Amino acid sequence: MQNDNIEKHDMGMNNEAESSIEENFRVISPGRMVAKRFFKSKLSVAGLLMIIFVFLFSFIGPVIVNHTWGYQETQVFKIERISDMVSTADFIAADGRTYTYYDKSQTVVVFKAPPSSEHWLGTDTSGFDILTRLMYGGRISLAISFIVIILETIIGIIFGGLAGYFGKWVDQLIMRVVDTFACLPSIPILLVLSAAISSIESIPAEHRIYYLMASLTLMGWTGVARIVRGQILMLREQEYMMAAETTGISPLNKIFRHLVPNTMPQLIVSATLGLGGVILYESTLSYLGLGVPFPRAAWGSMIALADPSRGQEILANYPNMWVPAGILIVVTVLGFSFIGDGLRDAFDPRMKR
Amino acid sequence: MGMMKIFKRKKIQGIDDTHYLTLKEEIRISKENNKIIRQFERRKARRNVDESEYLTQMRDPSNVVEFDELHTYFYTEVGTVKAVNGVSFDIPEGKIIGVVGESGCGKSVTSLSLMQLVQAPQGQIVSGSIRYKASDGKCYDVTKMPTSEMLKIRGKDIAMIFQEPMTSLNPVFRIGEQMDEVVLLHDSSATPESARKRSIEMLNLVGIAMADKVYSSYPHELSGGMRQRVMIAMALSCDPRLIIADEPTTALDVTIQAQILDLLRSVMNRINGSIMLITHDLGVIAEMADEVVVMYAGRIIEKGSVREIFHNPRHPYTIGLMKSKPGKATQGERLYSIKGQVPNPINMPDHCYFYNRCDHRMEICSKAYPEMLQFSPTHFSSCYLYDENKVGDTKNVKESE
Amino acid sequence: MWRYVIKRVLLALLILLGVSALIYLLSMLMPADYIDNQTSAALANGSMTQDDVNRLKELYGLADKSFGGIIKSYYSWLISTLSGDLGFSFLYGKPVTEVISDYVWLSFLIALISFVLQTVIAIPMGIKAAVRQYGVYDYTVSVFAMIGTALPSFFLSALLMNVLSIKLGLFPLQGLTSATIVFAKDAHLEIFLDKAWHLVLPITVLTVLGVGGTMRFTRTNMLEVLNSDYIRTARAKGLSENTVVYKHAFRNTMIPLITSLSGMLPGLFGGAMITETVFAIPGIGYMALRATQQGDIPFIMGYNMFLAILTVSGMLISDLMYMVVDPRVKLS
């Protein structure tokens with residue numbers, strides 16, 4: 001009887017203890033924790049807003065512009081206006097003194113229209129509407145960067161996963177290939193690749209963009225492979241992998257269903273930070289005329305209009321043609337880095353004191 | 001680990017969600033925290049503070065340190081953690097005081113408060129006082145001292161030995177450099193040569209053979225036990241009046257533990273200093289301490305001499321601790337463990353913190369927090385079980401079940 | 001220790017071999033008529049013969065595109081590269097090694113100055129930001145550093161040119177020397193100052209772009225060190241916060257910093273393609289970009305090999321530096 005009593009009493013205690021745990025400990029899913037930590041940082045929220053803005057601008061913007069004004073990416077607007085052309089020259093006259101010669105003439109220009117209510121940012125040297133082209137440029141930049149990052153991640157996961165899981169000579173072989181690719185000088189090689197692609201006549205201009213993506217992927221996959229390999233080497237030693245092993249699942253299943261998902265936080269962070277990097281590479285190539293081919297719009301090639309070796313006129317007098325594109329690049333890259341940093345802190349709060 | 005999950009706020013059925021803090025609440029908390037923290041930090045950073053502001057009187061001149069109603073809080077993102085919640089005890093001169101309790105009970109934070117080394121900016125001493133008697137007879141309130149003044153006490157009068165000898169020494173400085181630094185800092189008459197002599201003398205004192213060689217080694221070249229000896233030597237080099245030893249043997253090999261403890265005791269006897277020994281190991285306490293303070297969830301629940309605590313424990317928690325000591329159990333018997341868990345440090349209940357786990361709980365225990373009761377000149381405990389005024393008029397919960 | 005060094009060197013050589021193969025493969029992407037186009041002028045004026053052209057095609061694997069042919073021509077190219085012969089540039093009419101050694105020093109000078117400036121600016125900023133983590137200073141500096149890394153070099157260059165050169169007239173727009181000023185032959189100081197004046201903007205651009213990375217690297221490492229146990233020990237000794245940060249924490253932060261910065265040193269010889277081109281500074285980067293746009297295969301391959309050697313030696317240096325600066329590695 002007495003024993004019975006004690007048992008009853010014990011059970012009562014347990015129930016109480018359990019309910020007290022529920023009372024005292026907040027049950028929050030890991031995803032929610034990450035989201036909360038992410039949204040608590042002002043920089044992450046700022047980055048998210050910046051990226052949302054760029055996305056709306058690039059993907060919804062063209063729709064609105066088409067709908068209201070009917071503008072297209074490569075539509076030429078000829079807006080006639082009279083422009084004063086003043087040229088000066090110094091010369092030494094017969095009396096030995098220096099004179100300045102002014103020549104003022106008026107010409108009719110149809111391109112390079114200044115900002116107006118029809119063309120908020122004016123038109124460029126080819127008569128294209130700058131605002132519209134900024135939107136299409138963003139569309140192609142974002143599309144390229146996302147596709148490249150996804151491809152890089154897939155290739156990186158496959159090679160890093162194999163290297164990390166199998167170890168030994170597989171690891172050695174894959175990692176030496178990774179080292180080799182990582183030691184290639186990226187911008188010069190990208191230039192060579194793009195130059196080669198644009199010189200091959202059998203490749204139609206509109207397909208060049210795919211080759212561009214392929215070459216960007218080729219230069220970037222090694223980072224992902226290293227991350228995945230490192231993580232897997234670490235995770236392999238964890239107890240739960242031992243547990244998985246005792247159930248006798250196949251190696252491939254083990255790598256891609258148990259190990260790779262655990263590298264996701266790191267991969268998401270590196271992919272987010274990588275997006276900005278791809279945008280910078282793409283715009284550099286476009287700036288040099290080796291990226292998105294004309295007449296398609298690209299932010300880089302819009303800034304190239306200001307290249308002083310083509311004359312100072314646009315650099316000095318038409319900031320409306322190149323400054324917005326530059327600002328958009330900075331906003332996009334910065335937005336991705338803010339988000340990436342915020343995600344890293346949110347996933348791994350150890351660095352936060 | 002899909003991204004979608006992060007943005008979906010799904011209510012999981014059956015799980016109590018009332019304690020979930022929304023983003024807005026958390027932002028409000030961190031804003032409030034920042035405000036409070038800034039005030040505390042500003043006070044600590046003041047310079048040229050008049051001495052009278054932190055001079056005070058000891059209650060008992062035979063004490064080195066007196067903790068009086070110390071409250072040290074951590075202002076975290078999810079709320080205020082009252083790590084030390086009204087702690088009072090004395091450290092008499094030449095005595096070894098053991099502080100026991102499970103991890104997270106606030107014993108380390110208490111000692112760090114004495115050094116003003118609580119992890120700032122989140123951790124702050126909120127109220128109460130820590131009186132410290134210097135060798136010249138002056139008495140300071142550490143909680144009110146600005147950091148610049150505190151620097152003169154740290155390492156000189158009060159030295160500290162940490163739990164992890166492997167990581168507590170700077171890996172890029174030689175042992176000698178790290179030891180000389182303390183001497184040169186606190187002894188204005190010291191020269192590099194005299195500091196070196198002193199350091200080697202200290203290394204010899206803590207039983208390191210080939211002190212010269214150790215003097216010029218890097219920490220990674222020494223074993224854990226050796227490093228802990230170095231830490232002790234470093235702590236001793238300015239003849240401290242008090243050494244705080246925070247779990248000094250926990251990370252060490254069992255065979256080394258006893259050696260280190262013996263060393264610590266013999267050395268302190270020689271210079272007639274006190275030790276505040278923090279540990280969760282009751283064996284260490286029994287062997288070393290003169291008096292014991294038992295902490296639970298940021299409060300002292302019992303204190304007394306070693307004999308009183310070990311032979312006549314009063315508080316149910318202390319009784320449980322004694323019972324759960326391995327070696328007490330006879331063969332075949334299960335090792336005793338105290339059921340349940342420490343309450344969440346945020347939103348501590350108003351009643352006794354041990355209430356949920358206590359075998360002897362009564363109705364009154366869910367009311368106000370019990371006061372300290374005195375059993376002998378040195379033995380105190382806070383539990384209603386022994387409160388004659390209140391036991392009579394309340395029914396034991398256990399009986400009513 | 002020597003075994004480790006030898007192992008690293010061998011590994012570096014292996015990587016270089018791989019890189020050379022990849023670069024060689026790249027050149028094969030160039031269509032065969034590329035060389036014909038490029039050499040037509042030289043053929044016409046008689047500076048090259050058809051034999052020379054055929055030899056070139058062979059050397060760059062454009063003549064025989066069968067597998068055996070590629071391997072054979074790669075082998076002969078590798079042998080001549082190993083003997084220090086990087087080929088003959090069509091565009092510059094000189095051996096590639098000569099072009100590199102002529103133009104690399106200006107690039108190195110620019111890169112070195114901006115590297116020193118970057119380091120001097122970034123390290124103290126990173127330390128201060130870490131000490132005041134989540135303070136106003138930390139946020140401000142971090143945001144500016146990130147803007148610096150988000151700026152494309154050509155856009156920053158254009159902005160600086162627009163404001164500082166054109167609007168304010170403070171600095172020359174492009175080039176290395178002023179075309180309008182005639183200097184006396186012995187006016188070395190004036191010529192030097194004139195050149196220095198032209199280099200201010202490119203150096204500024206490179207510095208702004210580089211500060212962010214070093215600053216954030218310093219900050220991250222410093223934060224890690226500041227949270228470690230031995231920093232708490234240092235505080236418990238009674239050391240002032242300045243000594244704790246600038247003596248104890250800094251010495252630990254220096255280990256990764258020195259390793260990574262020393263690894264960047266060889267790269268300073270590589271030239272800044274875009275910035276040099278925008279400012280028309282005749283450095284190696286400018287020459288390389290022109291060569292790439294003109295399809296000067298020998299120069300492209302030679303230059304890329306040169307860059308790969310720089311990268312690999314950077315890796316090697318930073319590995320070896322780690323052994324030198326970290327006492328924990330030295331003896332084990």
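How many residues does the contact take from chain C and from chain A? Select both chains in this predicted model and you'll find 41 from chain C and 39 from chain A. On the chain C side, colour α1 (2-29), α6 (136-150), α7 (153-167), α11 (273-278), α12 (284-294) and α13 (297-325): each of these elements gives two or more residues to the side that touches chain A. Now colour that side by class: 31 residues are nonpolar, 10 are polar and none is charged.

Next, pick Ile303(A). Along with Leu277(B), Ile303(A) has the most contacts inside the largest nonpolar core, a set of 263 residues. Helix α5 (residues 96-131) of chain C supplies the largest share of that core, 16 residues. Beyond its sequence neighbours within four places, Ile303(A) is in contact with Tyr287(A), Trp322(A), Ala325(A) and Gly326(A), and with Phe154(C), Phe155(C) and Ala158(C) from chain C.

Stay on chain A and go to the loop between α10 (264-287) and α11 (299-304), where Pro295(A) sits. The peptide bond joining Phe294(A) to Pro295(A) is cis, with omega at about 5°. Then zoom out: chain A splits into domain 1 (50-66 + 120-347) and domain 2 (80-110), and their C-alpha centres are 48 Å apart.

Most residues other than glycine have a negative phi. Gln116(B), in the loop between α3 (107-115) and β4 (123-133), has a positive phi near 55°. Gln116(B) counts as buried because 21 C-beta neighbours lie inside 10 Å. Now select Ala297(B), in the loop between β9 (291-296) and β10 (299-305): phi is positive here too, about 50°. Ala297(B) is buried, with 23 other C-beta atoms within 10 Å.

Conventions: Residues numbered from 1 in each chain as written. Chains lettered and ligands numbered in written order. Predicted model: local features only at pLDDT ≥ 70, side-chain atom pairs only at ≥ 80, totals over all residues. Contact = placed C-beta atoms within 7 Å. Helix = DSSP H or I, 4+ residues; strand = E, 2+ residues; numbered from the N terminus. Nonpolar A, V, L, I, M, F, W, Y, C, P; charged D, E, K, R; others polar. Core = buried A, V, L, I, M, F, W, Y, C linked by C-beta atoms within 7 Å. Buried ≥ 20, exposed ≤ 12 C-beta atoms within 10 Å, placed from the backbone. Domains from an automatic or database assignment.
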